[in-house]
Amino acid sequence: MTWKKQTSWEKNVFFDINKFPAEKWLLLFTLSMSNLNTKQSPQKCLEAIKYFSPGKISKPLIWLNFIYSDFLYLYSNKSAPELKDSFMHQVINHKNAVQKLLEKHDMDFQIQHAFNYMVWNQLYVGTRDFQELFNKIKKIYQEDKLFQRYVKEDCELFNKDMEENQINFFLEESLMTYLLQKNYVKLPNDFIENNQKWILLCYTGRPVKTMVYLAQLNPFKLDRPENKYQNCFYDLESKKLINYDNVDLESYSVR
């Protein structure tokens, strides 16, 4: 992993990655249901992959997992059948379109089985104690005024009412991201057979303050020192690696 060394006074200054490690590892593309037809469309996903490959890849040992956040969006006042029907069609259509683009560009992406697709509730199956961990996070949130403040600021940024569903949305999204980055969630993986040492989570946009704060807090004291990206988040929009250790939340801007 290579990025410009940052001094203590360079808070909230981020850089791109020059080259990915020449080891077996995972790229995780998290996909928001609200962005599947816009900044995370199949064509945009292809462009992001092409930005990484082959320019930043040292060896073809990378597995890319698309994670659809459908189940997370059930924190809603809409009926479950209505959401289920809508999300099912969105996920299937988006996945099929991405797959067709990858197959069309098979000379660029010759290892087709290095790409995998998941929905959010599969992540629950990948952990044995997600509900227990989520309950603990909610308790921390209820007692931590600073945590509450950052959730409130995220709600205001996205013009969301600070109601229970929205709070739970940010808390669960941030918890699952934290667990993924710490390699705590077992993911289906045929290409590199769960031998990954590195995991990098990617999204089109910067992480919200709730997410950064939880990662900095590290409430369960998880540590995967072999993964140099365990405290990082790659912004596909700005092409910058957000290192949580270098974020000052008092002056950090999500947008």
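Select Glu 164 to start: its relative accessibility is 56%, so this residue counts as exposed (exposed is over 50% relative accessible area, buried under 20%, partly exposed in between, with a 1.4 Å probe and protein chains only). The model is predicted, so local features need pLDDT of at least 70 and side-chain atom pairs count only at pLDDT 80 or more, while totals for chains, interfaces and linings use all residues. Residues are numbered from 1 along each chain as its sequence is written, and side-chain values use heavy atoms, leaving out hydrogens and water.

Glu 164 belongs to helix α6; helices (H or I, at least four residues) and strands (E, at least two) are DSSP runs numbered from the N terminus.

Next, go to the largest nonpolar core, which has 46 residues. A nonpolar core is a set of buried Ala, Val, Leu, Ile, Met, Phe, Trp, Tyr and Cys residues joined through side-chain atoms within 4.5 Å. Leu 123, Leu 175, Leu 180 and Leu 187 touch the most other members. Elements giving two or more residues include β1 (25-31), α4 (130-143) and α6 (164-181). Helix α6 contributes the most, 9 residues.

Now select Leu 175. Beyond its neighbours within four places in sequence, Leu 175 is in contact (heavy atoms within 4.5 Å) with Phe 130, Leu 133, Phe 134, Ile 137, Leu 214 and Phe 220. Another core, of 33 residues, lies apart from the largest one; Ile 17, Leu 27, Trp 198 and Tyr 234 are among its members.

Last, select Cys 202, which is buried at 0% relative accessible area, and Cys 232, buried at 1%.
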